Amino acid sequence: MELVFEIGCEELPASFIRPALEEMKALYEEACREARLDPGQVEVAGTPRRLAMWVGGGADRQEDLEEERTGPPAQVAFKDGAPTGAAQGFARGQGVAVEDLYTVTTDKGEYVAARVFEEGKAAAEMLPEILTGIFGKLHFPKSMRWGSGKETFARPVRWILAVCDGAVVPVEFAGVKSGGETRGHRFVAPEARKVSGVEEYLAGLEEASVVLDGRARKKTIEASIAEHAEAVGGRVVEDPALVDEVAHLVELPLAVTLGYDEKYLELPREVLISSMRSHQRYFAVERTDGSALLPACVVIYNTPVRDPQVVADGNLRVLRARLDDARFFWEKDLGVRQEDRLDALKSVIWIGPLGSMRDRSARMSSLAGGIARALGLDEGAREAASRAALLSKTDLVSQLVDEFPDLQGVMGREYALKAGEDEAVAQAIGEQYLPGGPEDPVPSTEVASCVALAEKLDAIVGCFGVGMVPDSTKDPYGLRRSALGVLRILAELEEPLELTGLVELARDAYRDSHGKLEGSTADVVEFLTTRLHFLLLEQAPTDVVKAVLATGVTDVPSVHGRIAALDELRHREDFEPLALGFKRVVNILKKQAQGVDLVGEVDPGLFEDGSEEALFGAYRKSREALDSLADARDWRGMLEALIELKGPVDAFFDGVMVMADDEAVRVNRLRLLEGLRSIFFRVADISQVQG
Amino acid sequence: MAAKTFQEMILRLQNFWADRGCVIQQPWDVEKGAGTYNAATFLRALGPEPWNVAYVEPCRRPTDGRYGENPNRLGSYYQFQVLLKPGPDDVLDLYWESMKAIGIDPMDHDLRLVEDDWEQPTLGAWGLGWEVWVDGMEATQFTYFQQVGGIELDPIPAEITYGLERIAMFLQDVDNVYDLVWAPGVTYGQIRHQEEVEFSHFHFEDADVDHHLRWFEDYEANARELMGKGLVLPAYDFIMKASHTFNVLDARGAISVTERQKYIGRIRGLSRGIAKAYLGKREELGFPLLPTT
């Protein structure tokens, strides 16, 4: 069986196309399987105007169905050997004669059964329903209605091509009936084009100026932008996301170069790139060594027009207007002093109850300085961090950032440099929003890390402090993302910082303006550790993560270190028995030690068995070893030292009853176990590990 | 053949859409920010009555004024607005033909539909559609309205909004809007420059803040009172006046960020009220534009 199916649409949003194609394939295969039809080899591809699927080698017929179906209980179906209405109804429903019914024995008793046979139907009979079903099930980020119809789709559906082995499969959606025709490029080959098979479909589209396959369009774009850039002596500024987007904005990728006036090169590189990219989707061109931009860009367009120069001229006019705007804003911005901008931040509301951006700058400045001190940075670096944080938001009142919000931070860096600020200060301003997402790098210097941490912690602590706590449905200020940023930065820092201390520093910065914030440090720390939990689940199994977080440690690099060590060593064969032994320790303490004073020293004089003596000795040795290993942050070594305790722990449980009758002996043993628990907790609560 | 003057371009668009069965309506005589506010679009989009209309609409955007000094930005300008309800199946082909009619041939230029979803919070309205690019220039906003005044639409209208100055600059190959030829021998600048300069001064410096703040309150109160009396269209005028007054205050820098949200909320409330009232009134009148069967 050979099938060609194409949904012809008005231009779909670029980002919808690929996910829709994948979903279409999955929906088709699933529907086939449900219909006992081998789907065969399913291929999909699409453009802004079409979602296409073609199938080769699919089954021509459904598989036959043969199965036993049970009906009513035997004593209801037959009275005195004669079939009742229930038996007749069941037989009728299954399409068999009453005489063919028989009895089966099940757990619940005797039942009447029928053996049914359903001959597989031709695929062509099943396809209308299968294909029609796809329309309703395809899911888009946003859908719409059109005309007088009630159906929804990403954009209006204008034709449906559905041909199976040369015959049209009748399908209807939103008043559009399927046919045996496709359409080519919107302007080059708009007329209907007959299709009877896969080969004809693919060849026909190529002839009709449509490159159906998105990967092929991407390749063409990559090759042609490289070629065009080379022709002007440069290379394209790499931008895979833009290539991907543009490949899904056209059916036929064509390229033309625009050369713009060199005078615009005075603008910062990011401004030029944003002007070309964000509104126009042009590819910027730079020198082959990447040292600077060249005054040129490459445009991908969709129609093989009579004279490409006309397209180039039109695009250049638009680009010039954009660059003129950018240059106008840049020059205006350079005329404003940093101090005046700082002043202007007073009238920029950030988050209502948290005051203005000017207030935020002041808090961030003291916080960044505090973090720098906690990291043990020298005075110069501390001052740079404070200064950068103070100036970090000034670009928000610049005209360029008003025009290109994406350039916040970047413009701050440029204005700082122009104003003669230190390189380190400018860089920290430029990196304050890092990491914005999981793919982004963390700040590249310690000074920049201080500012980036202050930027995020001030927001988290402030929102929590006025009761604006994010929940599962709303997080309007992106606090979860900020929290992940904080945790990633901390993980990379050389000096470990405890979350509790950091949160306290951030809350202190609010003292002058807000007095005491609502809520507690612990609430914020819990929010952060919950995020940490989710972050860690990407690296290790739940039980390992829980075991480490159960210790209450909030120094992020050490949490990572413990998890890595535990995740590795838990596979050793002596680990599982140790975990079991430790679980016993924890359980006994939980159940039996209530009201017992566990703080006191263990008294060797009360030992009654050699195994107690041995465990106590091993425990003291481990404790000492752990001290120096902890100083060296050698989590693996610590865990190995704990594994050494397995023998003595086992021997202890074999040798003595913890709950001895003599109270002094009993308390002494519980204290020994408490000592063990506390040294294990320096690494992880391994009783939670499944082994 | 490209339309040589601004007015010829408008005339060709009018004739084109008149030939395709549109009512050629006129601007609504109250200040407004976009052609969508004209009752011929905002109110007529509601309900089951079929409606095809085209008209030029002068639009005022006080914050975009540049004292007549910027070659591309204007504090007021013209849109050519088409509303087809329901949008016919070949609506895009009709649009391409209209572009041909003013001299933009799809085999000479790169015409593209780029995703652009439209939302107007003050109108409680949203739709999906595109910006139409002509050689990289945004020439038209094309939207399938889904909701207006908070009410789901049925049938769905297609709205086509041509940015007249931009398209004319493209056709006439000029880089400064004031250099456009409006009519033979008369430029856009000769007709509109003084207005841009004076209104920029007015909106940014001289508009009396206290008066405008008071007017906003009065317009809002009037709109509510009239709505209560079932005088839907007079009420709608007052909503537009309130909305424009807000825009002037905004340009004047008289509205803080927090207040801004409150004002927008108040206008949205009015828009929702009027949409409901209008629909009720049309139903009462028996939806006069529905074809008689």
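**Notes on rings, a sheet and a helix**

1. Start with a charge over a ring: the charged end of Arg584(A) sits over the ring of Phe653(A), 4.2 Å from its centre. The term asks for NZ of Lys or CZ of Arg within 6 Å of the ring centre and within 35 degrees of the ring normal. Arg360(A) does likewise over Trp350(A), at 4.0 Å from the ring centre.

2. Before going on: this is a predicted model, where local features need pLDDT of at least 70 and side-chain atom pairs count only at pLDDT 80 or more, while totals for chains, interfaces and linings use all residues. Residues are numbered from 1 along each chain, chains are lettered from A in the order written, and side-chain values use heavy atoms, without hydrogens and water.

3. Chain A has an open antiparallel sheet of three strands, ordered β4-β8-β7 (strands are DSSP runs of E, at least two residues; helices are runs of H or I, at least four; strands pair with at least two bridges). β4 (65-73) and β7 (102-106) of chain A each have a single partner, so they are the edges. Seven bridges join β4(A) to β8(A), and Arg69(A) stands opposite Ala114(A).

4. Which residues of helix α15 of chain A are buried? They are Val425(A), Ala426(A), Ala428(A) and Ile429(A), where buried means under 20% relative accessible area with a 1.4 Å probe, protein chains only. These buried residues pack against α12, α14 and α16 of chain A (contact is heavy atoms within 4.5 Å).

Note on methods. Buried means under 20% relative accessible area, exposed over 50%, partly exposed in between (1.4 Å probe, protein chains only).
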